[in-house]
Amino acid sequence: MSGEGKEKKGFFKRLVQGLTKTRDQIVSGIDSIFSGFSSIDEEFYEEIEEILIMGDLGVHATTEIIENLKVKVKEQHIKEPAQCKELLISSIKEQMDVGETAYRFEDEKSVVLVIGVNGVGKTTSVGKLAGKLKDQGKKVVLAAADTFRAAAGEQLSEWANRAGVEMIGGQEGADPAAVVYDAVAAAKARNADVLLCDTAGRLHNKKNLMEELKKIHRILEKEYKEAFRETLVVLDGTTGQNALAQAKQFSEVAEISGIILTKMDGTAKGGIAVAIQSELGIPVKYIGVGETIDDLQKFDSEQFVNALFSTKENLEEEENHVDS
Ligand SMILES: Nc1nc2c(ncn2[C@@H]2O[C@H](COP(=O)(O)OP(=O)(O)O)[C@@H](O)[C@H]2O)c(=O)[nH]1
Ligand SMILES: [Mg+2]
């Protein structure tokens, strides 16, 4: 098995493990519906609908999934409820489709702005991402542009040490845009591949946030025009529908190119990943599945749905698939 294969296998296992609560919530309910109903009727669909909504897939995505399922059942002349499971899984996958997810910033000279409300896992995710990119042989510089709290800079500097990358910071209360300015100078001087900026992202004041981001973009436009720009919003997966609402608000003030969904380990609300992609069409690019530097993985909706619906048997199947 190649090193990459081994890594993938580990990732899938961790994903499956991390999604245990979400899976317990969704799959056990779904399975009991499939085995408990003898015919496909309106009540059958309503029960599935309820489970999906409880699993935080959101009303919009759930409605679409059920409609799509009904069409498939009709087209394929399905009569047995148990035969609907694969159709349901493929309907969910289709609903999440946002086209191919681009990771251009990983391969080009780039600057990544990481935004999100307090406590969602921005600093942690920046640290993990730095470690990941460093492992790929990239030269990474971190900007501690969350100057709102002194502790934020210290926290990021610990992550910089862990990842073995350089960090540029500022005094508490310093202008975040000034920190970005200094970090750009450092990134250019060291010929860095990726500049990752941790921000304070206080959403309670939309206008302030918008102004702050504008200012940062102006600096990047002037000082670092050659760098590809990526804006990632970090959302806390344990907050379910609240995370979706945050994503919507952020997309109103910033051009978001992707989402990092954190704390997917130990939440029953993992279905929110479906809601985000289905409703907003913004790709979830990474998910956080723990607190250590290795606990960030690229998000693959196909793999995600497989992990969500995996049973012991098809878990082994998936592993063999990854192996080959
Ligand atoms: N279990 C778990 N905890 C996480 C994850 N990501 C972040 N955290 C924790 O969430 C808390 C807040 O993270 P932090 O990065 O400081 O959030 P920030 O305020 O957005 O910068 C910390 O205790 C992190 O260890 C994750 O994927 N899983
Ligand atoms: Mg922080």
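This briefing walks through some helix packing, a capped helix and several individual residues in the structure above. The model is a predicted one, so please read every value here as computed from predicted coordinates.

**H4 against H5**

- H4 passes H5 in a right-handed crossing.
- On the H4 side, the residues that meet H5 are His60, Ala61, Glu64, Ile65, Asn68, Leu69, Lys72 and Val73.
- H5 brings Cys84, Leu87, Leu88, Ser90, Ser91, Ile92, Glu94 and Gln95 to this contact.
- By residue type, the contact of H4 with H5 holds eight nonpolar, five polar and three charged residues.

**A closer look at Asn68**

- Asn68 sits in helix H4 and is one of the H4 residues that meet H5.
- Setting aside neighbours within four places in sequence, Asn68 is in contact with Ser91 and Glu94.
- From Asn68 to Ser90 the C-alpha distance is 9.6 Å, and the two are 22 residues apart in sequence.

**H4 against H12**

- His60, Ala61 and Ile65 make the contact from H4, while Val274, Ala275, Ser278 and Glu279 make it from H12.
- The residues of this contact divide into four nonpolar, two polar and one charged.
- His60, Ala61 and Ile65 of H4 meet residues of H5 and also take part in the contact with H12.

**Helix H13 and its cap**

- Six of the eight residues of helix H13 (residues 301-308) are buried, leaving the helix mostly covered.
- The buried residues of H13 are Ser301, Gln303, Phe304, Val305, Ala307 and Leu308.
- Asp300 caps the N-terminal end of H13, with a side-chain oxygen 2.9 Å from the backbone nitrogen of Glu302.

- Thr22 belongs to helix H2 (residues 20-36) and is buried, at a relative accessible area of 0%.
- Beyond its neighbours within four places in sequence, Thr22 is in contact with Thr267, Ala268, Lys269, Gly270, Gly271 and Leu308; Leu308 is also one of the buried residues of H13.
- Phe37 lies in the loop between H2 and helix H3 (42-54).
- Phe37 has a relative accessible area of 19% and is buried, because the buried class covers values under 20%.
- Not counting residues up to four places away in sequence, Phe37 touches Glu43, Phe44, Glu47 and Pro81.
- Phe37 and Glu80 are 43 residues apart along the chain, and their C-alpha atoms are separated by 8.7 Å.

**Positive phi outside glycine**

- His77 is not a glycine, but has a positive phi of about 50 degrees.
- The loop between H4 and H5 holds His77, which counts as exposed at 61% relative accessibility.
- Asn191 is likewise not a glycine and has a positive phi, here about 55 degrees.
- Asn191 is found in the loop between helix H9 (176-189) and strand S4 (194-199), and is exposed with a relative accessible area of 53%.

**Ser251 in H11**

- Ser251 is part of helix H11 (residues 241-253) and counts as partly exposed at 34% relative accessibility.
- A polar atom of the Ser251 side chain lies 2.7 Å from the backbone oxygen of Lys248.
- Apart from neighbours within four places in sequence, Ser251 is in contact with Ile256 and Ile282.
- Ser251 and His77 are 174 residues apart in sequence, and their C-alpha atoms are 41 Å apart in space.

How values were computed. Residues are numbered from 1 along each chain as its sequence is written. Chains are lettered from A and ligands numbered from 1 in the order in which they are written. This is a predicted model: local features need pLDDT of at least 70, side-chain atom pairs count only at pLDDT 80 or more; totals for chains, interfaces and linings use all residues. Side-chain values use heavy atoms; hydrogens and water are left out. A crossing is left-handed if the near helix is turned anticlockwise from the far one by less than a right angle, and right-handed if clockwise. Helices (H or I, at least four residues) and strands (E, at least two) are DSSP runs, numbered from the N terminus. Contact means heavy atoms within 4.5 Å. Ala, Val, Leu, Ile, Met, Phe, Trp, Tyr, Cys and Pro count as nonpolar, Asp, Glu, Lys and Arg as charged, and the others, Gly among them, as polar. Buried means under 20% relative accessible area, exposed over 50%, partly exposed in between (1.4 Å probe, protein chains only). A polar contact is a pair of N or O atoms within 3.5 Å; within protein, one must be able to donate a hydrogen and the other to accept it, and residues adjacent in sequence count only if both atoms are side-chain atoms.
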